[in-house]
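Welcome! Please open the structure in your viewer and keep the selection tool ready.

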Amino acid sequence: MSQTLTPPSPAAPAAAGAPAHRGRRTPRGRTWIAALFLLPALILLGALVVYPIVWSVIRSLFGPDGFTHYVGLSNYTGIFTDHQTLVAIKNNAIWVVVAPVAATGLGLIFAVLTERIRWGTAFKLVVFMPMAISMLAAGIIFRLVYDQDPGKGVANAVATGVHDTFFKASAYPGAHPRVAGPGSTLTGPVGGPYTGKSVSPGDGPAALALVGVQPSTLTGATQAAEPSACPSGALCGTVWLDFQPGGGTPGKIDRGEKALAGVRVEAVRDGRVLTTVTASNDGTFTLPAARIGASPIQLRLPATNFTAQYAGVNWLGPTLVTWSIIGAYVWMWTGFAMVLIAAGLAGIPRELLEAARVDGAREWQVFRRITVPLLAPVLGVVLVTLVINVLKIFDLVYVIAPGASQQDANVLALQLYLSSFGGGNDQGTGSALAVLLLALVAPVMFLNIKRFRKEKSR
C-alpha cells in the first residue's frame, strides 16, 4: 500500500506556539519618529537662527524710524559710502589675513616643538590656559597691559627698559635758555640744540645760563662756580641754572644758583664738531687748546641734553591699536590651534618620519615636506574656524580700544552695535551690516562643512 507524503506549507509555523512574524515599520513611520525627536531642536533653531536672519533682512529695507519708511537697498549702498563702515571693512580684512595665520602658525610651531621636550604637557597647559578666560576678561587684562604709563602697563615697562638700556634719558628735560634779556647767551629751537655766539680761545669764561629745569632733577646739585684757572689757549666756562628765588642777576652766577653737572658741551666750527666735553659737578668745563685751535668757535649744547624721559609706545593710539588688539587675540587662540594641531600630529605614522631621517632628510625638510602636508587637513580646519571667529570679533575691540581711538580700531560687528544701539539709533543700517556680516561668514562656514563631509567620507 503506497503512501503519498505532502511537504508542509511554506506559510506553516516552524514550531508550535512560535510567535507570529512582526511586520517591519515603514520608512515613513521612521521619518515621523525622527521628526518628533528633532522638533524641539528645530523650534530652537527657528527661534534663535532663522527668525533673526529673516527679521534682519526685512528690517534692513526700512529706515531708522521702523517699518513706516521703506528705503529699499539704500541702507546697503549707504554702508559702502560711510567712512566709519569703510574703516571697519578695512580692519576686518586685516584681521582675516593676519590673526588666523599668526595663531595657526604659532600653534603649529608650539605643537611640533613640545613633542621634543619633557615638560611639553605643562607648556601646552600654559599656552592653552587663556582659552579659559572670557573675551571680556582678556580685554580688561590687555587694556592694562597696553597702558601708556610704564608703571602700570607691562608692555611699556618692557619697552622703556629696553630703550633706556641703549639710550640714556636726559638729566634736564625741558631746560632752555632765556628768551630775551641780559642772560640770553644761547639761541636755538625749542628742545635744542642751543648755540652761543662766536668766542675765541683765551677769552674769559663762557657763561652758558639755562632756565626751566625741574627742581626734582637738582636734588644733590652743588653751587655753580666759575673756572678757577683756564690753561693758555683753552676755553673754559660754566653751565648752570640761572635762577634764584627772590631775585638775582641774569647771566651772572649768584649765590644759591645750582650747577648743571653732566651737560654735554660741543665746540663747533663751520658746522663741524671739533670736540665734546661734559660739565663737572660744579658746572665748569674746559675745551683744550689742542682740540679747538686758535680760531673762533661756537659753543653748542646738543638736544640730547634736554630730551624728555622716554614714555614708551602708544600701543592704543590710532596707528597701533588694531595690531595691539590682534596681539591679544593671538595670545588667546594660539592654545586652541596648538591643541588641535597636536592631536593631528599624534596621528601621523612615525615610520614615515623615521624613514625620511634614515634617507638623510634634515629636520627642516622632514617638517616642510612630510609633517606639514600630512597636517594640511587639520591646518585647514583650524584656519577656517579662526577666520569665522575673527569675522565676528567684537568683545576685544570694544573693551581694549579707548574712546579716542575706537573708530581707528572699528570692525563690522562693533559698527553694527554702534549703529543700532550705541548712539546711532539706526537699526536699518545695523540690520544691513548684520546681513553683510552673514554674507561674509556664510561662504567660509559652508566651506568648513564641505571639508568636514569630505573628511568623513574617506
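Here is a short tour through pockets, cores and aromatic rings. Keep in mind along the way that this is a predicted model.

**Stop 1: the largest pocket**

Start by selecting Val-112, Arg-116, Arg-357, Glu-363 and Thr-371. Of the 15 residues lining the largest pocket, these are the closest to its centre. The pocket has a volume of about 340 Å³. Now colour helix H3 (83-113), helix H9 (350-358) and helix H10 (363-391), the elements that each give two or more residues to the lining. Which of these supplies the largest share? That is H10, with 5 residues. If you colour the lining by class, expect 8 nonpolar, 1 polar and 6 charged residues.

**Stop 2: the second largest pocket**

Next, select Ile-53, Ala-434, Leu-437, Leu-438 and Val-441. They lie nearest the centre of the second largest pocket, which is lined by 13 residues. About 290 Å³ of space is found in this pocket. Helix H1 (27-59) and helix H13 (427-457) each supply at least two lining residues, and the largest share, 7 residues, comes from H13. What classes of residue make up this lining? By class there are 11 nonpolar, 1 polar and 1 charged residues.

**Stop 3: the nonpolar cores**

Select Trp-95, Ile-325, Tyr-329 and Leu-396. These have the most contacts inside the largest nonpolar core, a set of 46 residues. Several elements give two or more residues to this core, including H3, helix H5 (135-145), helix H8 (321-346), helix H11 (395-400) and helix H12 (412-420). H8 gives the most, with 14 residues.

Zoom in on Leu-396 to see some of this packing. Leaving aside neighbours within four places in sequence, Leu-396 is in contact with Met-135, Ala-138, Gly-139, Ile-325, Ala-328, Tyr-329, Met-332 and Ala-401. Apart from this core lies another, of 25 residues; to find it, select Leu-208, Val-263, Val-265 and Phe-306, which are among them.

**Stop 4: aromatic rings**

Now show the aromatic side chains. The count comes to 17 aromatic pairs. One of them joins Trp-119 and Phe-123 edge-to-face, at 6.2 Å centre to centre and with 65° between the planes. Is Trp-119 buried or exposed? Trp-119 is exposed, with a relative accessible area of 53%, while Phe-123 counts as partly exposed at 25% relative accessibility.

Move on to Phe-142 and Tyr-146. This aromatic pair is tilted, with 5.7 Å centre to centre and 45° between the planes. Phe-142 counts as buried at 10% relative accessibility, and Tyr-146 is also buried, at 10%.

**Stop 5: a buried asparagine**

For the last stop, select Asn-156 in helix H6 (residues 154-166). Why does Asn-156 count as buried? Asn-156 counts as buried because its relative accessible area is 0%, and the cut-off for buried is under 20%. Show what surrounds this side chain: not counting residues up to four places away in sequence, Asn-156 touches Val-145, Asp-147, Gln-148, Pro-150, Ala-311, Gly-312, Val-313 and Trp-315.

How values were computed: Residues are numbered from 1 along each chain as its sequence is written. This is a predicted model: local features need pLDDT of at least 70, side-chain atom pairs count only at pLDDT 80 or more; totals for chains, interfaces and linings use all residues. Side-chain values use heavy atoms; hydrogens and water are left out. On a 1 Å grid over the protein atoms alone, a cavity is a set of points where a 1.4 Å probe fits but cannot get out, and a pocket is an open set with protein on both sides within 12 Å along at least five of seven lines; lining residues have an atom within 4 Å of a point. Grid points are joined across faces, edges and corners, and a volume is the space filled by probe spheres set on the points. Helices (H or I, at least four residues) and strands (E, at least two) are DSSP runs, numbered from the N terminus. Ala, Val, Leu, Ile, Met, Phe, Trp, Tyr, Cys and Pro count as nonpolar, Asp, Glu, Lys and Arg as charged, and the others, Gly among them, as polar. A nonpolar core is a set of buried Ala, Val, Leu, Ile, Met, Phe, Trp, Tyr and Cys residues joined through side-chain atoms within 4.5 Å. Buried means under 20% relative accessible area, exposed over 50%, partly exposed in between (1.4 Å probe, protein chains only). Contact means heavy atoms within 4.5 Å. Rings of Phe, Tyr and Trp (its six-membered ring) pair if their centres lie within 6.5 Å; planes under 30 degrees apart count as stacked, over 60 as edge-to-face and the rest as tilted.
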